[in-house]
Amino acid sequence: MYKKKSSMSPSNYANGSASPSTENGLIDSFSLLNTQKSIEEIIQQPLLEGIDDHLVEFSEALRTVAKALRRVTEGKASAQAEAAEWKRKYELERARNLQLEPKGEHSSKLNVKRVGLNLENRTALSEENSDQCELCSGKDDISAQEILRDGESNSDSSAIVPNKMMRKASFKLSWYCKGEKCDRHKHDIVSFEKGNITTAERSSKQISLKWESPPQTVLILTKPNSVSVRILCLEMVRWLKEQKKLNIFVEPRVKSELMTESSYFSFVQTWLDDKDVLVLHTKVDLVITLGGDGTVLWTASMFKGPVPPIVPFSLGSLGFMTPFQKLVFNRTISDSEHYREYLNSILRGPISITLRHRLQCHIIRNEAKSEYENEGTTLVLNEVTIDRGISSFLTNLECYCDESFVTCVQGDGLILSTTSGSTAYSLAAGGSMVHPQVPGILFTPICPHSLSFRPLIMPEHVTLRVFVPFNSRSHAWVSFDGKGRKQLGPGDALVCSMAPWPVPTACQADSTCDFLRSIHDGLHWNLRKTQSSDGPRS
């Protein structure tokens, strides 16, 4: 027994084998024998078989982990963008209140505290109602723009203070009850009785804007390189200043054109840099565009957040988003009488408006080490397009809706469009025309190499992700409303969702009437000769 003990080296215990049991300092011979046999069996075992299979499984596991990390990165990037937007709003609100309030130290502290509380309330409301990004329902009103700041009085609302930040006009939005003389909105009432779901009443969904205080500041944006637009702008600026006593903002280009025409237009205000543009929505009550749909797109791109109501005059080609035409009842009238009639009605109110939804898009780069290295958010009013660019290969795009796989696009590309953009590139690619107030995202392929790939319309609350796979033969290119073209390499992804800031455009009649008139006049939709009454009858 002692010989067996001496024959055991310490290394036998260091190999992970269990130590033999001892009793009164003596080692159990049976335990020692079993331990030696187990060690010999382990040594005699052949090498691990199927190493290649284990490596494949391990690589697949790593790929799964990489996908999970990418999803986490996308979520962080989205949360970071939202947090940055709230921080920007808070800083703008604080700076605005500090400039508007009296110089008393006590009043400044009180108002800064109110701004902080207001921001907390907005954040809580946004978290509770994240799916209702366009309007917040109240008792009588859908939404009320916050204009009269804390610490200000309601007196002298018509006073004009040059070179200072003016108070914005207050307005409210309500559901328009067609055929009724009330501005209370109707709800969709759904009853559930005896297992049956029934819609009892439907709302009209036509939105009306009513001024609670008169507008004071107007921004005029014009189409460049047009003599007729320049002449109309001169006359409109003079009339708004002399007859309506309004403060007027224009682009720096238009400001120089006005000053070249006459020094009389020195009262017109403009901005100096991009920082002034970021806070422009806090100064402007109303935006007037003189041009076509491209001018409306340019106007929407200027506002990275909330957008003031827009009055679009049609001085372009098609005019899907510019309902205020030059012709009324097929009778040509002078431009001055035309715009004065419309502007008088709009400034007096109430007016019907169309809330045109926008998409917020951001690119997640494969080589980005953190969410801070990804690019910022871009807002589009018409569409975001992913195509193959100059490459002769088919584009290869993996598409996901929230966490669900949608399809793999193999063709010239893909269009993610708003309903306002349904009459633009998406229409040319075979997509359907959709009423602009229908909340949804159009999913339209561009020349797909498939006979069964039909366009889709996704609900507004989803998040779409377009991913360029690593085995793609070429890069893809993305453009936002036809501008800002960027390259997407293998591993890069584009994430799109509905933006919380729609673009409100004024209606000449109402949203539906303007939409149908635009497709009739602009596209000659379903225009054909009427079948003759002569001939065989059934």
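**Note on the salt bridges**

1. The side chains of Glu375 and Arg365 form a salt bridge, with N to O at 2.9 Å. A salt bridge here means a side-chain nitrogen of Lys or Arg within 4 Å of a carboxyl oxygen of Asp or Glu. Both residues sit in the loop between strand S15 (359-364) and strand S16 (378-380), 10 residues apart. Helices (H or I, at least four residues) and strands (E, at least two) are DSSP runs, numbered from the N terminus.

2. Please keep the source in mind. This is a predicted model: local features need pLDDT of at least 70, side-chain atom pairs count only at pLDDT 80 or more, and totals for chains, interfaces and linings use all residues. Residues are numbered from 1 along each chain as its sequence is written, and side-chain values use heavy atoms, leaving out hydrogens and water.

3. Glu375 is partly exposed, at 27% relative accessible area. Arg365 is buried, at 15%. Buried means under 20% relative accessible area, exposed over 50%, and partly exposed in between (1.4 Å probe, protein chains only).

4. Arg365 also meets Asp492 in a salt bridge (3.0 Å, N to O). Asp492 lies in the loop between strand S24 (483-488) and strand S25 (493-498), so this pair ties together parts 127 residues apart in sequence. Asp492 and Arg365 are both buried.

5. Asp514 and Arg517 pair at 3.2 Å, N to O, in another salt bridge. They are 3 residues apart in helix H12 (residues 511-523), so about one helical turn separates them. Asp514 is buried, at 11%; Arg517 is partly exposed, at 27%.

6. The structure holds 10 salt bridges.
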